[in-house]
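I opened the model and went through it one item at a time. These are my notes, in the order in which I looked things up.

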Amino acid sequence: MDFASDIRTALADQIGRERSELWFDDTQFEQDGSQLRVLGKSQFLLYRIKRDFQDSIRRAAIAIGMIEPEISIAVGVETNDQNIGQPREEDESSTKPATI
């Protein structure tokens, strides 16, 4: 198994398979030394992950052998949808950037 599969399995052990699939199916996990990056598609998803699951992610990382993991959570999952970020023709207001 690879790192992403290992962390997903350990996380499912921490929070349960159903919750894991609900909150982490659209995320990617990357490791670089002691850094563990959780990448997701939306700020809302990542806010909830950080608020509700950061401790579980840390415990899962330790369970698979990471020592003192530094966790970062950021938007960064690529998508195959070519229209994302493109304004819709019928709505010119979508050309203005969103403020979060």
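Entry 1, a loop residue. I looked up Glu 68 and found it in the loop between helix H3 (43-63) and strand E3 (70-75). Helices here are DSSP runs of H or I with at least four residues, strands are runs of E with at least two, and both are numbered from the N terminus. Glu 68 has a positive phi of about 45°, although it is not a glycine. I then checked its cover: Glu 68 counts as exposed, at 68% relative accessibility. For these labels, buried means under 20% relative accessible area, exposed means over 50%, and partly exposed lies in between, with a 1.4 Å probe and protein chains only.

I noted the ground rules before going on. This is a predicted model, in which local features need pLDDT of at least 70 and side-chain atom pairs count only at pLDDT 80 or more, while totals for chains, interfaces and linings use all residues. Residues are numbered from 1 along each chain as its sequence is written, and side-chain values use heavy atoms, with hydrogens and water left out.

I listed three helices and three strands in the protein chain. Along the sequence they follow the pattern α-α-β-β-α-β. Of the 100 residues of the chain, 28% count as buried. I put the accessible surface at about 7,200 Å², of which 44% belongs to carbon and sulfur atoms; areas come from the Shrake-Rupley method with a 1.4 Å probe, and for residues only the protein chains shown count as cover. For contacts (heavy atoms within 4.5 Å), I took pairs at least 6 apart in sequence, and 60% of these join residues at least 24 apart.

Entry 3, the sheet. In what order do the strands of the open sheet stand? The order is E1-E2-E3, with mixed pairing. Two strands pair if DSSP finds at least two bridges between them. Strand E1 (28-32) and E3 stand at the edges with a single partner strand each, so one side of each has no neighbour in the sheet. Neighbouring strands are turned by 20° against each other on average, direction ignored. I counted six bridges joining E2 to E3, and these two strands run parallel. Arg 37 has Ser 72, in E3, as its bridge partner.

H1 lies across E1 and E2 and runs at about 115° to E1. H3 packs on the sheet, where it touches E2 and E3, and its direction makes about 160° with that of E3. The axes are lines fitted to C-alpha atoms, for helices over the stretch in contact, and angles run from 0 to 180 degrees between N-to-C directions.

I then checked Leu 36 by itself: leaving out residues up to four places away in sequence, its contacts include Phe 3, Ile 7, Phe 29, Ile 57, Ala 61 and Ile 71.

- Glu 30 and Arg 37 meet at 3.2 Å, N to O; Glu 30 is partly exposed at 30% relative accessibility, and Arg 37 is partly exposed at 26%.
- Asp 52 pairs with Arg 48, the closest N and O atoms being 3.1 Å apart; both lie in helix H3, four residues apart, about one turn of the helix.
- Arg 51 pairs with Asp 52, with the closest N and O atoms 2.8 Å apart.

I noted that Arg 48, Arg 51 and Asp 52 are linked in a network of salt bridges. Asp 52 is partly exposed at 29%, Arg 48 is partly exposed at 22%, and Arg 51 is partly exposed at 48%.

I found Lys 41 in the loop between strand E2 (35-40) and H3. Lys 41 is partly exposed, at 47%. Its C-alpha atom is separated by 5.6 Å from that of Val 75, 34 residues apart along the chain.

Methods. Salt bridge = Lys/Arg side-chain N within 4 Å of Asp/Glu carboxyl O.
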